[in-house]
Amino acid sequence: MIFGIVLLFGLIVGSFLNVCIARIPLESSIISPPSHCPRCNTPIRWYDNIPLASFAILRGRCRTCGQRISWRYPLVELLNGLLFLCAFFEFGFTGEAILVMALCSTLVVITFIDLDHQIIPDVITYPGMVIGLGVAPFFMSTLAVPPPFGLGSVFPPMGQYGAAFLNAFIGLLLGGAPLYLIGLLWEKLRKVEAMGGGDVKFMAMVGSFLGWKGAFLTIMLGAVSGSIVGVALILLKKHRADNVIPFGPFLAFGTLLTLFRGPEIIAWYLGFIRL
């Protein structure tokens, strides 16, 4: 029964995420006006706004004008519900699970906004950095690792929270810095923008949640998955090599892998290197 409650909660939040995805890029309020059909502007009644169920009952069409409802709406709801279940399975009834759920929902919003508009809004990433630095050190087990470069010995003993905060802060810096430097170098060499500022701030936010090790792993996984998809699209003649592919969705994918399977991936990679 508890799994059903967690899934339902994730679906409900996913329904709200659809509003965020549609309105944040337009700089519109995510609260007012209430949800309505984009064609006939008829307000959507509560019984037509039940996650997944209403879409199935209405057969994917507006009750009033018959306008088709995008499959993205139930997809976002289902995806968020499944991510909430994964967070619950992995972390149980903990503060860490709540933070992971919040981060997963943020990744969903960023992914679909970046796919549609090739932007990652600051209104998402800046508050995310603040939450990552201020709250994540209390709960995130990924921050319970020694700071890099021997910095743990430079600073006097700060207690568990202090060390975790330092790790989160270094993760924020090292999360955004590599993408910023790559983008700057590519722009100098090719005179074209290779890395948007939104991606840099996105990775800074991720680093504040996952620490410096998680940030580096996320960048690596995002780069590998993006390269695979990009090459596949070019070979299938679905994409030109000089066109831009949004990097945010691949960074989001890398973040999820790091969240749920980061230690296993690192252990496998180190074992592979030894071979």
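The bend at a residue is the angle between two fitted axes, one for the seven residues ending there and one for the seven starting there.

**Entry 1: the model.** I noted that this is a predicted model, where local features need pLDDT of at least 70, side-chain atom pairs count only at pLDDT 80 or more, and totals for chains, interfaces and linings use all residues. Residues are numbered from 1 along each chain as its sequence is written, and side-chain values use heavy atoms, with hydrogens and water left out.

**Entry 2: helix H10.** I looked up H10, residues 248-274 (helices are DSSP runs of H or I, at least four residues, numbered from the N terminus). I found a kink of about 90 degrees at arginine 261, shortly before proline 263. Buried residues of H10 include Phe260, Gly262 and Ile265 (buried means under 20% relative accessible area, with a 1.4 Å probe and protein chains only).

**Entry 3: H1 and H3.** I saw that H1 (residues 2-23) and H3 (residues 72-91) pack at about 135 degrees, with axes 7 Å apart (axes are lines fitted to C-alpha atoms over the stretch in contact, and angles run from 0 to 180 degrees between N-to-C directions). That makes H1 oblique to H3 (oblique is what remains after under 35 degrees, roughly parallel, over 145, roughly antiparallel, and 65 to 115, roughly perpendicular).

**Entry 4: serine 208.** I located serine 208 in helix H9, residues 197-235. Serine 208 is buried, with a relative accessible area of 0%. Its C-alpha atom is 8.3 Å from that of isoleucine 131, 77 residues apart along the chain.

Notes:
Helix = DSSP H or I, 4+ residues; strand = E, 2+ residues; numbered from the N terminus. Expected span 1.5 Å × (residues − 1). Buried < 20%, exposed > 50% of the residue type's maximum accessible area, 1.4 Å probe, protein only.
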